[in-house]
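Subject: Structure for your review

Dear colleague,

I am sending you the structure we talked about, and below it you will find my notes on what it shows. Please read them with the model open beside you.

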Amino acid sequence: MTALLEIDGLTKRFGGVTAVDACSFTVPAGSVTALVGPNGSGKTTAFNLITGYARADAGAVRFDGAAVRRPDPIRLARSGLTRTFQQARIFPDLTLVENMVAALQQPWTSVFTRAVRRPERERALELLDEFGIARLADERAGNLSYGQKKLLEFAAVLMGDPRLVLLDEPTAGVNPVLVDQIEERIRELNARGLTFLVVEHNMNLVMRLCDPVVVLAQGTKLAEGRPDEVRNDPRVLDAYLGG
Ligand SMILES: Nc1ncnc2c1ncn2[C@@H]1O[C@H](COP(=O)(O)OP(=O)(O)OP(=O)(O)O)[C@@H](O)[C@H]1O
Ligand SMILES: [Mg+2]
C-alpha cells in the first residue's frame with residue numbers, strides 16, 4: 001500500500017522534555033490509521049508538528065510523495081491535509097453555516113465577516129445534513145453541545161475536500177449517540193477514499209475502526225501494526241498499565 005503521509009525521525013523538545021522523540025511511521029493511502037498512547041505521550045505534539053502548528057527540532061514529513069519542508073497549516077489545507085483539535089476550535093458567535101464557510105480559510109485566525117455565497121451555503125448544508133446537525137444550520141455555534149461542536153469542527157474541515165484528515169480525540173467527552181455518528185462518518189468518508197489519522201483513547205473504537213495502529217510512549221514509537229498485533233504486544237500493555 002502506498003503511503004500518503006510519511007513521518008521520519010520527527011523530534012520536538014520543550015526544555016528538558018522530549019515530547020516527540022525520533023518518531024517514524026506511515027499513514028497508508030486509504031487507511032484509517034490510529035495514533036494511540038498514554039496521556040502526555042506526544043500525540044497532539046506530533047499532530048502540531050505535521051500540520052505546522054509547531055516547528056520540529058528534527059525530522060521529515062512527506063505528504064503524497066513530496067517533502068513538506070516548512071509545514072504551514074494554510075498551504076497544507078490547500079494541498080489536502082487538514083486536522084481537528086483536541087478542544088474543538090469553532091467560532092461561538094458565528095452560525096454553523098458561517099463556521100463551515102470560515103473553515104475554508106484555515107487556520108481560523110482572521111475574523112470572518114463576508115457574506116456566505118449560495119454554493120458555499122449549499123455545500124455546508126449538505127455536510128451538516130450528513131452529520132445530522134443541518135436543522136441547527138443558522139443557530140449560533142456557541143449554543144451547541146460539546147459533542148455537537150466536535151461534529152461541527154469535523155464537518156467544517158471537509159469543506160475544502162481534503163485527502164487526509166487528522167482527528168485529535170474526535171470522541172472524547174462525547175455522548176454515545178454522537179460517538180456512533182462520528183464513527184459512521186469516518187467509515188463512510190473512508191469508503192469514499194478519504195484517509196484518516198486518528199488520535200483516540202477509546203480502544204474498542206480503535207480496534208474495530210483502525211488499521212494500522214501506531215503506539216507512542218514518551219514520544220517514542222513503541223509499536224506499529226494491525227490492531228490485533230498491537231493489542232497483544234507486551235510493550236504496549238506495559239506502557240498503558242505501567243504508567
Ligand atoms: N507547548 C508546550 N510546552 C511545554 N511542554 C509541552 C507543550 N506541549 C506539550 N508539552 C509536553 O509534551 C508532552 C507531550 O504532550 P502532548 O500534548 O503531545 O501529549 P498527548 O499524547 O497529546 O496527551 P493527551 O492524551 O493527554 O492529549 C507532555 O509532557 C506535555 O506536557
Ligand atoms: Mg493530546
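Among contacts in the protein chain between residues at least 6 apart in sequence, 67% join residues at least 24 apart, where two residues are in contact if their C-beta atoms, placed from the backbone, lie within 7 Å. Please keep in mind that this is a predicted model, in which local features need pLDDT of at least 70 and side-chain atom pairs count only at pLDDT 80 or more, while totals for chains, interfaces and linings use all residues. Residues are numbered from 1 along each chain as its sequence is written, and chains are lettered from A and ligands numbered from 1 in the order in which they are written.

The overall fold

The protein chain has 9 helices and 10 strands, these being DSSP runs (H or I of at least four residues for helices, E of at least two for strands) numbered from the N terminus. For 243 residues a compact globule would have a radius of gyration near 18 Å, and the protein chain agrees with this at 18 Å; the radius is taken over C-alpha atoms, and the globule rule is 2.2 Å times the number of residues to the power 0.38. The C-alpha trace spans about 50 × 40 × 35 Å along its principal axes. Of the 243 residues, 43% count as buried, meaning that 20 or more other C-beta atoms lie within 10 Å of their own, whereas 12 or fewer make a residue exposed and counts in between make it partly exposed, with C-beta atoms placed from the backbone.

Helix α4 (residues 118-130) has 13 residues and reaches 19 Å from its first C-alpha to its last, close to the 18 Å expected, the expected span being 1.5 Å times one less than the number of residues. The buried residues of α4 are A124, L127 and L128. They lie on the same side of α4, because they cover an arc of only 100 degrees around the axis, the arc being that of the directions from the helix axis to the C-beta atoms. These buried residues pack against α3 (96-102) and α5 (146-157), while the face turned away from them carries the exposed residues R118, P119 and E122.

In α5, by contrast, 10 of the 12 residues are buried, so that the helix is mostly covered, and what covers them includes α3, α4, β7 (164-168) and α6 (176-191). One residue of α5 is E153, which is buried with 23 other C-beta atoms within 10 Å and which touches T84, A88, R89 and I90, not counting residues up to four places away in sequence.

The buried residues of α6 are L178, Q181, I182, R185 and I186. Seen down the axis of α6, they fall within an arc of 135 degrees, so they line one face of the helix. The face turned away from this buried side carries the exposed residues P176, V177, E188 and A191.

The residues around ligand 1 are F14, V17, A19, G37, N39, G40, S41, G42, K43, T44, T45 and Q86, each with its C-beta atom, placed from the backbone, within 6 Å of the ligand. The elements that give two or more residues to this shell are β2 (17-28) and α1 (43-51), and α1 gives the most, with 3 residues.

With best regards
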